[in-house]
Amino acid sequence: MRSSMQSLTVIGTWVTVTSARSFWSSTPAAFGPQDSDDWILKTGYPVGNGRLGAIPFGAPGSDKAVLNVDSLWSGGPFEAENYTGGNPDVPKYSALPGIRKAIFENGTGDLSPLTGPNDNYGSYRALGNLTVRLDGITDYSDYKRMLDLKTGVHSTTFHSGGARFVNSFFCSYPDQVCVYSISSNTTLPRVSIQIENLLVEDDLLDLTCGRDYARLAGYTQSGPPLGMKYDAIAKIRSGFNSTSCSDGGVLTINPTKCQKSLFVVIGAGTDFDQTKGNAEHGYSFRGANPGPEVERITAAAVSKTYQALLKDHIEDYSALEGAFELNLPDPEGSAETETSALIAEYSSDGPGNPYLEALLFDYSRHLLISSSRENSLPANLQGRWAEGLYAAWSGDYHANINLQMNYWGGDQTGLSRTQDALWNYMELNWVPRGSETARLLYNASGWVVHNEMNIFGHTAMKSDASWANYPAAPAWMMQHVWNNFDYTQNATWLKNQGYPLVKGVAEFWLSQLQDDAFFEDGSLVVNPCNSPEHGPTTFGCAHYQQEIHHVFDAVLSSAPIVAESDTDFLNAVKSSLGKLDKGFHITEWGGVKEWKLPDSYGYDTKNTHRHLSHLTGWHPGYSISSFQNGYANSTIQSAVEETLISRGNGNAEDANAGWGKVWRAACWARLNNTERAYEQLRYAIDVNFAGNGFSMYSADNEPFQIDANFGLGGAILSMLVVDLPLPHEAAGETRTVVLGPAIPERWKGGSVKGLRIRGGGSVDFSWDDGGLATEATLRGSQTSVRLVNVQGEILAEA
């Protein structure tokens, strides 16, 4: 053990003192009340491997970590045997003709006959806490905890009783476990380990331990039906320690005389199985007892040395994290200031802090790597981190901006692999039951979901049309599908998984578009529609029209790549695209219309609503900015600008959330408006970001909602590049990519390495003290592209 400890100390010290941008604090993370600044989701630094998540907290001598498993949910078929994902027992589509007729006659209408129940929807929830106690540690000094964003390792150092201690915590994707280690320069004190959950009734839990493990197993309910089963094991290497076990599941370890280090692997799982969410399996989503697999994983992991576990984790994590670099200056020497103090001192009225802005950008990528991987569910409203049994908005998948924003930074920064979770989720959790929803509610082919989805195939419309009537969700998600191909050029993936998703959505909309009987202008519109969480039930909502434009173009762009042979389908798409209202009209006051209704109906007035749904074709989409040439069209630019001015800075009465602010920053950046883009970015950080870097929904107050963390990364990318796809009819032409459309002077002399662009290429570029891109290197592009700066000067071509 002596030589092992020496190696561990070297590795632990390296992890701790690395000069990489890191979050750090001189005080322990607290759990704290939810309405306080000591709340765990405002103080703790998160780690994860996609499937598992953890937030270490607690004072030295009583280390804890909140543990999460991606699939641990209440609700669904684990709560009600007759759960249908909200789908009705009998078709409802017979109500549609009357609904449509009334809307075309009156301009607005009522679609309540299509709404459904919210019952047994469930919520994402915490698994429990890992607790590690060290005897005799009461006083401590020189405390420091740090999250290294280059390695994804959380480390803690402190002194107590004349000894120096180093703790580390990380979650390994290669080994599918989280790993906790403790080391000292003297013999370790007695250590006790337990996994516990004080929020769950005792009769639903089974706390056990053995010679080398502590275990928590339980069910979400006793039944009937029997709830979801979950199992977690904290395991040490056997044969090196004297141990004892209590009835309460506490494993106590008595170190040998010279033992200076110890590590624990933590594995967990549930009996949820997303491959069982289809008619063949009765939409049960129930798989095998997780216990044997958790035993196997933890046994395999603990058989390795700590150094091997750490090495494999860092190699995997760094391959993703190191794919992209944003280099900004640190004019204030901020690396030496505690992160919470940096955030507290940050003011949108000030000049900005490039170090903190780059730190939060790196953090957005860390959070995506940690919450979404190839074998996990996608990142939800809280990423992978929940501290209780009931998360805000169920910690679910809202798909009218939030889920989309979670993945804004994936393609352009080399994190396309993190999106596998998203494609699998749509294919396995949405499509099967969503195909039934399409038939039962709309008499449609293809598939559909609405605004709020759990992991149990809730694809039907919920109870209130204003927010639940949102069949455009899959259309918006198809932007991400096409983008993934466009950036990676992975034609095999497009043919096998991506294109079938797109085709199913296109088939749905081909069956639903209606001739505009209000204006009788020969166009095709959606009827009924509700712009996300805003305004009436009507027809021709701009957002829907723009997203269907994206879908139809993606079909036609994909067809030659995947060798689509269904000519009738392609002809129908071409015909419908030709007649489709493209969702861009201008109000009397000069802004973009959110609804096709005449202004006289009183809906398209100036307002500060949190959503920018009628601008999704501007950003993050491109039906306006590219397909309608908006990025080069002053009339369109003026209308977008007037809309953004009207919508304010994202702190209106309806919400003061970070995601609204970073969305505005991204839209301003696509207008090449550096001042306004940077102003909105600073405002989001100032108002919504807590001391641990997590974004809060109500200014800096709970609940935690992670979308703004990811959206901040996307907003900064929008300031760095405008990279728009060509419409299908322009395939093969040379695209122009603008580098540095909105780089502020405060970022002077910065650079980027590894920026992915459409066509499979990668770009390194730098800019001068004024934010003007001056040098660029282009590698690997498979399509014809020209790189220019914001002044139009050519920097590179391929």
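Guide: The crossing of α17 and α18 is left-handed, a term used when the near helix is turned anticlockwise from the far one by less than a right angle, with clockwise giving right-handed. This is a predicted model, where local features need pLDDT of at least 70, side-chain atom pairs count only at pLDDT 80 or more, and totals for chains, interfaces and linings use all residues. Residues are numbered from 1 along each chain as its sequence is written, and side-chain values use heavy atoms, leaving out hydrogens and water.

Helix α17 covers residues 658–670 and helix α18 residues 674–688; helices here are DSSP runs (H or I, at least four residues), numbered from the N terminus. The two pack at an angle of about 165 degrees, and their axes lie 7 Å apart. Axes are lines fitted to C-alpha atoms over the stretch in contact, and angles run from 0 to 180 degrees between N-to-C directions. α17 and α18 are therefore roughly antiparallel to each other (angles over 145 degrees).

On the α17 side, the contact (heavy atoms within 4.5 Å) is made by Gly658, Lys661, Val662, Arg664, Ala665, Trp668 and Ala669. From α18 come Arg676, Ala677, Gln680, Leu681, Tyr683, Ala684, Val687 and Asn688. By class, the contact of α17 with α18 has nine nonpolar, three polar and three charged residues. Here Ala, Val, Leu, Ile, Met, Phe, Trp, Tyr, Cys and Pro count as nonpolar, Asp, Glu, Lys and Arg as charged, and the others, Gly among them, as polar.

Methods:
Angles under 35 degrees count as roughly parallel, over 145 as roughly antiparallel, 65 to 115 as roughly perpendicular and the rest as oblique.
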